[in-house]
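Reader: I would like a close look at one part of this protein, followed by an account of how the rest is put together. Please take it slowly and stay with what the model shows.

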Amino acid sequence: MSHFKFKLIKKDVGSKARSGHLQTSHNVIDTPTFMPVGTQGTVKAMTTDELREIGVGIVLSNTYHLYLRPGHELIEEAGGLHKFMNWDGSILTDSGGYQVLSMSQLRGISEEGVTFRSHLDGSEHFLSPEKVIQIQMALGADIIMPLDECNPYPCDYSYAKLSQARTTRWAFRCSNELTRSDQALFGIVQGSVYKDLREESAKSLVELDFPGYALGGLSVGEPTSLTQEIMEHTVSFLPEDKPRYLMGVGTPEKILNAVEQGIDMFDCVLPTRNARNGTALTSQGKVVVRNGLYRADLTPLDPECDCATCRNYTRAYLRHLFQAKEILAARLTTYHNLYFLTDLMRRIREAIAEDRFVAFKEEFLTKYKG
């Protein structure tokens with residue numbers, strides 16, 4: 001019997017936005033939700049206690065990276081990824097397909113899988129759909145992903161069609177390989193920016209009856225308007241009673257636009273990456289706190305935020321830390337950015353519950369864009 005359940009709680013009357021409960025064997029996650037990215041089994045600059053303090057319920061880790069280092073066998077020996085990283089919330093592991101294509105030296109893609117050289121030491125590896133599932137079963141994540149091919153942008157239609165069909169066949173093989181009842185395997189919709197291929201991919205995956213569906217291959221360089229158009233088109237072919245996950249999206253504007261179309265789950269490295277580079281998300285928009293403008297600014301990062309960073313430190317102090325290259329700079333700004341996004345998701349859920357999502361979105365973006 002599966003430990004994974006999704007319950008739709010409320011639909012906004014003025015849009016397609018919806019809220020729900022996503023249950024795994026570790027906890028219940030309120031949706032819509034943002035998943036901080038912990039590629040290597042850690043959300044950079046954060047402890048798991050801090051993630052709990054912020055209210056994070058689920059994090060994302062990466063199969064490709066953990067397979068290469070420290071190795072899934074070691075993590076399994078340690079009792080699984082949850083114990084290895086001291087995290088009692090939920091974990092979603094990406095399949096690593098995107099990283100194989102973008103980070104490694106790709107040697108070849110065939111019906112059987114992908115051959116690549118490690119970006120770490122150049123060693124050659126082969127990953128089949130079955131192998132990817134075996135690795136993720138060893139890791140023990142709550143939600144896992146099938147091997148898929150993420151096309152770059154732009155991508156030729158004929159190749160996108162071949163790739164999309166192969167991704168579907170790989171998803172079927174992944175489904176057959178999974179034997180753990182405490183793991184939920186999502187299907188990943190591909191098809192580049194071609195509406196007919198997206199429709200075909202979604203319908204084929206729905207026939208396989210996955211417990212959730214991800215929209216992959218977006219935010220890979222295409223115009224934002226095209227991302228939105230393809231997302232809206234694709235969602236219409238996905239079942240209402242299953243969670244929908246838009247991969248690689250994490251800016252407030254894009255999250256709000258996607259929630260309006262019925263997306264439930266998000267992940268992105270940008271909030272933590274930008275934080276380490278001195279860019280904070282605030283209710284008034286982005287603040288590049290390392291800039292000289294803030295040298296003597298004794299106000300909080302965001303006067304409307306009650307996170308530990310904003311309660312205790314000023315922009316001037318944070319700028320000083322960045323100028324001095326102190327590790328604490330990245331930690332405090334990362335804490336704030338993740339708190340900001342987690343709180344944004346909470347406010348989104350409240351707005352949906354009260355049938356005022358569209359008004360909330362407009363009010364938030366008006367202030368955010370200045």
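Which way do Thr279, Ala280, Leu281 and Thr282 point from strand S16, and are they buried or exposed?

Author: The model is a predicted one, and what follows should be read with that in mind. In strand S16, which covers residues 279-282, Thr279 and Leu281 point one way while Ala280 and Thr282 point the other way, and all of these residues are buried. Strand S16 pairs with strand S17 (residues 285-288) in the antiparallel sense, over four bridges, and within that pairing threonine 279 stands opposite valine 288 of S17.

Strand S5 runs parallel to strand S6 (residues 90-94) and is joined to S6 by five bridges; serine 61, for instance, has threonine 93 in S6 as its bridge partner.

The packing of side chains is the next topic. In soluble globular proteins, nonpolar side chains tend to be buried together. Here the largest nonpolar core has 86 residues, and the members that touch the most others are Leu246, Phe266 and Ile348. Helix H14 (residues 327-353) gives the most to this core, namely 12 residues. Leaving aside residues up to four places away in sequence, phenylalanine 266 touches a set of residues that includes Thr33, Phe34 and Met35 as well as Tyr245, Leu246, Val249 and Met345. Apart from this, there is a second, separate core of 18 residues, with Phe4, Leu22, Phe186 and Met247 among them.

As for the whole, the protein chain contains 15 helices and 17 strands. Its radius of gyration is 20 Å, close to the 21 Å that the globule rule gives for 370 residues, and the chain is therefore as compact as a globular protein of that length. The C-alpha trace spans about 60 × 50 × 40 Å along its principal axes, and 56% of the 370 residues are buried. Among contacts between residues at least 6 apart in sequence, 66% join residues at least 24 apart. The chain exposes about 15400 Å², of which carbon and sulfur atoms supply 49%.

Terms used:
Residues are numbered from 1 along each chain as its sequence is written. This is a predicted model: local features need pLDDT of at least 70, side-chain atom pairs count only at pLDDT 80 or more; totals for chains, interfaces and linings use all residues. Side-chain values use heavy atoms; hydrogens and water are left out. A nonpolar core is a set of buried Ala, Val, Leu, Ile, Met, Phe, Trp, Tyr and Cys residues joined through side-chain atoms within 4.5 Å. Buried means under 20% relative accessible area, exposed over 50%, partly exposed in between (1.4 Å probe, protein chains only). Helices (H or I, at least four residues) and strands (E, at least two) are DSSP runs, numbered from the N terminus. Contact means heavy atoms within 4.5 Å. Two strands pair if DSSP finds at least two bridges between them. The radius of gyration is taken over C-alpha atoms; the globule rule is 2.2 Å times the number of residues to the power 0.38. Accessible areas come from the Shrake-Rupley method with a 1.4 Å probe; for residues, only the protein chains shown count as cover.
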